[in-house]
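Reader: I would like to go through this entry feature by feature. Please give the general idea each time, and then the case at hand.

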Amino acid sequence: MERGPCPICLDGYAPGDEIVRMPCAHTAHWRCGAKWLSGARTCPTCRFEISS
Ligand SMILES: [Zn+2]
Ligand SMILES: [Zn+2]
C-alpha cells in the first residue's frame with residue numbers, strides 16, 4: 001500500500017484505490033493523475049517533468 005495523501009485531491013489512499021506512479025516515484029490516485037496529466041506534464045508533487 002502506498003502512503004498518502006494523494007497530492008492532487010489530498011485524500012489518503014484507500015484499499016483498492018488504483019494508484020499511478022510517476023517516473024520520479026511519486027504517486028497519486030490513478031483517476032487524479034489522469035486528470036492532472038491531461039493539463040500538465042509535471043509531477044504534482046515535485047514538478048519533475050514527465051516527458052512521455
Ligand atoms: Zn487523488
Ligand atoms: Zn515527483
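Predicted model: local features only at pLDDT ≥ 70, side-chain atom pairs only at ≥ 80, totals over all residues.

Reader: Which residues coordinate the zinc ion (ligand 2)?

Author: Donors are N, O and S atoms within 2.8 Å of the metal (3.2 Å for Na, K and Ca); water is not among the atoms, so sites may look incomplete. For the zinc ion (ligand 2) they are Cys24 (SG), His26 (ND1), Cys43 (SG) and Cys46 (SG), at 1.9 to 2.4 Å. Their spacing in sequence is C-x1-H-x16-C-x2-C. Cys24, in the loop between β1 (19-21) and β2 (27-29), and Cys46, in the segment after α1 (30-37), are 22 residues apart, and the pair links distant parts of the chain. Helices (H or I, at least four residues) and strands (E, at least two) are DSSP runs, numbered from the N terminus.

Reader: Why is the arrangement around the zinc ion (ligand 2) called tetrahedral?

Author: Four donors count as tetrahedral if all angles lie between 85 and 135 degrees. Here the four donor atoms subtend angles of 101 to 117°, and therefore the arrangement is tetrahedral.

Reader: What are the protein donors of the zinc ion (ligand 1)?

Author: Cys6 (SG), Cys9 (SG), His29 (ND1) and Cys32 (SG) lie 2.0 to 2.4 Å from the zinc ion (ligand 1). The site is tetrahedral, with angles of 101 to 116° among the four donor atoms. Along the chain the donors follow C-x2-C-x19-H-x2-C. Another pair that links distant parts of the chain is Cys9, in the segment before β1, and Cys32, in helix α1, 23 residues apart.

Reader: Is Cys32 buried or exposed?

Author: Buried means under 20% relative accessible area, exposed over 50%, and partly exposed in between (1.4 Å probe, protein chains only). Cys32 has 16% and is buried, whereas Cys9, at 35%, is partly exposed. Cys24, at 22%, is partly exposed, and Cys46, at 38%, is partly exposed.

Reader: Where does Pro23 lie, and what is it in contact with?

Author: Contact means heavy atoms within 4.5 Å. Pro23 lies in the loop between β1 and β2 and is exposed, at 59%. Leaving aside neighbours within four places in sequence, Pro23 is in contact with Phe48 and Ile50.

Terms used:
Residues numbered from 1 in each chain as written. Chains lettered and ligands numbered in written order. Heavy atoms only, no water. Tetrahedral: all angles 85-135°; square planar, octahedral: opposite > 155°, others 65-115°.
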